[in-house]
Amino acid sequence: MLQKIKDMLNEVENLEAHSAEEIEALRIKYLSKKGSIAALMNDFRTVPAEQKKEVGIKINELKTRAFDKINSLRAAFAQTDNDDSDIDITRTAYPTPLGTRHPLTIVKNEIVDIFSRLGFSLAEGPEVEDDWHVFGSMNFADDHPARDMQDTFFIEARPDIILRTHTSSVQSRVMEHTQPPIRVICPGRVYRNEAISARAHCFFHQVEGLYVDREVSFTDLKQVLLLFAREMFGENTQIRLRPSYFPFTEPSAEMDISCNICGGKGCSFCKHTGWVEILGCGMVDPAVLELNGIDPTIYKGYAFGMGVERITNLKYQVKDLRMFSENDMRFLNEFEAAN
Ligand code: PHE
């Protein structure tokens, strides 16, 4: 037995290998469960008691040596491999998976694109805003419920600094430093203090539009929105305007489009009415023009605002709003083709 161990130790000391496969074959030959060292360990039972100690020590020594030898072969091989002048350094490192645009970005880009073809330019502003740009300049009365803690996130210790609840704040920022004609489209993220569910989230995305010039009428607004709806949802899309109320527009309306899922026949998505609401709009209240430094006796304007999530739901039938912010790759990859 002792002789056997000695021979194998010799063998191990002189091992050589020229490739990773050969090294692996040696590891299997000596060190695997069915390898020759394991076989020696099996024979250990037959060793007479008085030799057990010595044989045990030798087997362990052999095992350690075999481990070290194979590791050093591996290290040497890795080194020569690195030095290999055959390496093609121009080869692509890994097949890099390309990401996809987020569905909300895809739809926002599409909305912005449609309006830019109609002559609207892009305007953006801060998400952390002051009370004036979000509410004051938009003609919200001091006690308007939207200023309530339930809707607005306040920045601690600064009651006048808030997270914007709509991108109308950007319209105000544009008006305060530009004289008409103004034609802007304002996309961005907005925040409202709502419990998160399939139908509501504490942040979402809006695109608002503003047009201010000498001769602007409700008919212009209606025409632009009809054009938008047909570009976005197809040329057979119908629109309808229902009277509504916003502090910053007068008159105000909400716009529905014929349900693009059932084609207006009635389905569960449109609650069997054939219509779905997509945006709010109206003629800019003269008080808003005045508050933002524009003379309402000379100029008029219209404005509209829509939720990007809502438009995306209509286009892609995403049933749960939370999907948009969970970063589930299975969901996001669905939009690869729409990029
Ligand atoms: N700011 C409104 C909102 O957040 C949307 C809107 C914009 C309505 C412009 C009318 C005109 O609900």
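Q: Is F115 buried or exposed?
A: F115 is buried, as its relative accessible area is 0% (buried: under 20%; exposed: over 50%; partly exposed: in between; 1.4 Å probe, protein chains only).

Q: What kind of model is this?
A: This is a predicted model, in which local features need pLDDT of at least 70 and side-chain atom pairs count only at pLDDT 80 or more, while totals for chains, interfaces and linings use all residues. Residues are numbered from 1 along each chain as its sequence is written, and side-chain values use heavy atoms, with hydrogens and water left out.

Q: How many aromatic pairs are there?
A: The count is 13 aromatic pairs (Phe, Tyr or six-membered Trp rings with centres within 6.5 Å; planes under 30 degrees apart are stacked, over 60 edge-to-face, the rest tilted).

Q: Why is the pair of F115 and F228 called stacked?
A: The ring centres of F115 and F228 lie 5.0 Å apart and their planes meet at 20°, so the pair is stacked.

Q: Where in the chain do these two sit?
A: F115 belongs to helix α5 and F228 to helix α8 (helices are DSSP runs of H or I, at least four residues; strands are runs of E, at least two; both numbered from the N terminus). The pair links distant parts of the chain, its members being 113 residues apart.

Q: And F228, buried or exposed?
A: F228 is buried, with a relative accessible area of 0%.

Q: What about F331 and F335?
A: F331 and F335 form an edge-to-face aromatic pair, with 5.2 Å from centre to centre and 75° between the planes. F331 is buried at a relative accessible area of 9%, and F335 is buried at 5%.

Q: Which residues make up the aromatic cluster with F115?
A: One aromatic cluster is formed by F115, F120, Y211, F228, Y302 and F304.

Q: Changing topic, which residues of α10 are buried?
A: The buried residues of α10 are V308, E309, I311, T312, N313 and L314.

Q: What covers them?
A: Their cover includes helices α5 and α8 (218-233), together with strands β6, β8 (249-258), β9 (275-284) and β10 (300-307) (contact: heavy atoms within 4.5 Å).

Q: What follows α10?
A: Q317 comes after α10, and its phi is positive, near 50°.

Q: Last topic: how is the chain divided?
A: The protein chain has domain 1 at 2-86 and domain 2 at 103-338, with bounds from an automatic or database domain assignment. The centres of domain 1 and domain 2, taken over C-alpha atoms, are separated by 73 Å.
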